[in-house]
Amino acid sequence: MELKKVVVTGLGAITPIGNTVAEFWDGLLNGKSGAAPIQQFDASKFKTQFACEIKNFNVEDHIDKKEARKLDQFSQYAMVSATEAMVDSKLMESNPNVDRIGVIWGSGIGGLKTFQDESQNFFAGDGTPKFNPFFIPKMIADIAAGHISIKYGLRGPNYVTVSACASATNAIIDSFNLIRLGKADAIVTGGSEAAVNEMGMGGFNALRALSTRNDSPETASRPFDLDRDGFVLGEGGGALILEEYEHAIKRGATIYAEILGGGMSGDAYHMTAPHPDGIGARNTMIAALEDAELEPTAIDYVNVHGTSTPLGDLAETKAIMQVFGEHAYKLNISSTKSMTGHLLGAAGAIEAIACILAVQNDVVPPTINHFTDDPEIDNKLNFTFNKAQHRTVDVALSNTFGFGGHNTSVIVRKYKG
C-alpha cells in the first residue's frame with residue numbers, strides 16, 4: 001500500500017508570549033519570556049508564585065458569552081487556536097467532504113479548574129449534591145475535540161490523546177498516520193492545557209517539579225543552565241491542520257511544511273523521572289528517523305523537550321549524542337520552553353509550530369536565560385543560547401516527553417513545491 005503525503009495547511013496558537021501565531025513567532029525570535037507573577041489567583045502562600053499565563057485574553061472576544069460558560073479554559077484555548085488554524089487554512093471554503101475531516105486533540109489533564117471549582121462548591125456546602133449540569137462535559141479531556149468538530153460539522157475520526165506532556169505530539173502523529181493511510185483527507189490536531197490554578201500549581205510544587213525562583217520569574221526557565229531548578233508552568237493551545245497533499249493541491253491551499261515521520265517510545269523506568277541514560281528519548285528519535293526514512297545527518301534543528309529540570313535536560317542531551325554522534329555538533333538545538341514555559345499537554349503543538357516556522361523562515365528560535373555552563377552537559381553543542389540564529393533549516397525534529405515515560409518525536413520538512 002502506497003502511503004499518502006501529509007502537509008500542514010493551517011496554524012493557530014494562543015501562548016504566554018503571543019495570542020496568535022504571528023505574535024507567538026515574534027515572541028520566540030525576540031527571546032520574550034512569558035513568565036510573571038500569577039494573576040489568576042492569590043499565590044502568595046505557594047512555593048512557586050509565578051507562571052507563564054495567557055495575557056490580554058477575553059474569551060468573549062472569540063466565543064459567545066453563553067457558549068464560553070460551557071467551556072473550561074483548556075477548551076477555550078482549544079477553540080481559539082483551532083479557529084485561527086481553520087481560518088488560516090481556508091479548508092471549509094472548499095466545501096470539503098466533512099465525513100473525511102477529523103479532529104484529534106491532545107490534553108494531559110483536561111478541565112482541572114472546573115474540577116477544582118465544583119469540588120470547592122460541594123465541600124463548602126452541607127453535603128447536598130448541587131452541581132453545575134455542565135460539570136462533567138466541561139471537565140472531561142475529550143470534550144475539546146468534540147467542540148471543535150461540532151463547530152465545523154466535522155464527522156471524521158474524533159478523539160483526544162492523553163499522554164501527559166507528550167499528548168499533543170501523540171495527537172499529531174495519530175493524525176499524520178490516519179491521513180497517510182487514506183482514512184481521512186484532513187485533520188484538525190494539536191493540544192491545549194490550562195493548569196495554572198491552585199490544584200495545578202500545588203500539585204507540581206508537591207512534586208518539586210517547578211522552579212521556585214520567585215525573585216526573578218522571567219529568568220526562571222533556564223534549560224541546560226547549571227542553575228536550572230525546575231520548569232515553569234504554562235498554559236495555552238496550538239492547532240495544526242494536517243492534510244493529504246493531493247487534497248491540499250486540488251483546492252489551492254497554502255502549504256507550510258511536510259510531516260515526514262513520527263516516533264514513540266516508553267522509558268519503562270519511573271513515574272516522573274526520565275531514564276538517566278536517555279534510552280526512551282533515544283529510541284523515539286530513532287523511530288522518527290526510521291519512519292521518515294532519513295539519516296540523522298538530514299536533521300538541521302532539534303526543538304528539544306528541554307524543560308529546565310536537572311535530570312531531564314541531562315538525559316535528553318545524552319540521547320541526542322547517542323542518536324546523532326558527530327553530527328550533533330552541526331545541529332542547532334533549542335528549548336522554546338525557556339520562553340513559553342511548559343504547556344504540558346499542549347507543549348508538542350506549539351513546539352511543532354515553532355519547528356514548522358523555523359523550516360519555513362530558516363531561523364532557529366533561541367534558548368534564553370543561559371548564564372552558566374553545566375559541566376555535565378557537552379557545551380560544544382549549539383543550544384542557540386540567548387539569541388535566534390539564521391541558518392538553512394530544511395528538516396526539524398521536535399521532542400516531547402511526559403510523566404510515565406511517554407516519549408514522542410515528530411519530523412517536519414521544508415515544502416519546496
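Select Leu181 to begin: at 37% relative accessibility this residue counts as partly exposed, because the class lies between buried (under 20% relative accessible area) and exposed (over 50%), with a 1.4 Å probe and protein chains only. The model is predicted: local features need pLDDT of at least 70, side-chain atom pairs count only at pLDDT 80 or more, and totals for chains, interfaces and linings use all residues. Residues are numbered from 1 along each chain as its sequence is written, and side-chain values use heavy atoms, leaving out hydrogens and water.

Leu181 sits in the loop between helix H7 (167–180) and strand S6 (186–193); helices (H or I, at least four residues) and strands (E, at least two) are DSSP runs numbered from the N terminus.

With Leu181 they form a nonpolar surface patch of about 340 Å² accessible area together. Such a patch joins nonpolar side chains within 5 Å, from residues with over 30% relative accessible area and no salt bridge (a side-chain nitrogen of Lys or Arg within 4 Å of a carboxyl oxygen of Asp or Glu).

Next, select residues 73–89, helix H3. Its 17 residues reach 24 Å from first C-alpha to last, close to the 24 Å expected at 1.5 Å a residue, a span taken as 1.5 Å times one less than the number of residues. Of the 17 residues, 12 are buried, among them Phe74, Tyr77, Met79 and Met86.

Then inspect the two ends of H3. At the start, a side-chain oxygen of Asp72 comes within 3.0 Å of the backbone nitrogen of Phe74. Just after the helix, Lys90 adopts a positive phi of about 55°.

Notes:
A polar contact is a pair of N or O atoms within 3.5 Å; within protein, one must be able to donate a hydrogen and the other to accept it, and residues adjacent in sequence count only if both atoms are side-chain atoms. Patches are made of residues with over 30% relative accessible area and no salt bridge: like charges are joined within 9 Å, nonpolar side chains (Val, Leu, Ile, Met, Phe, Trp, Tyr) within 5 Å. Accessible areas come from the Shrake-Rupley method with a 1.4 Å probe; for residues, only the protein chains shown count as cover.
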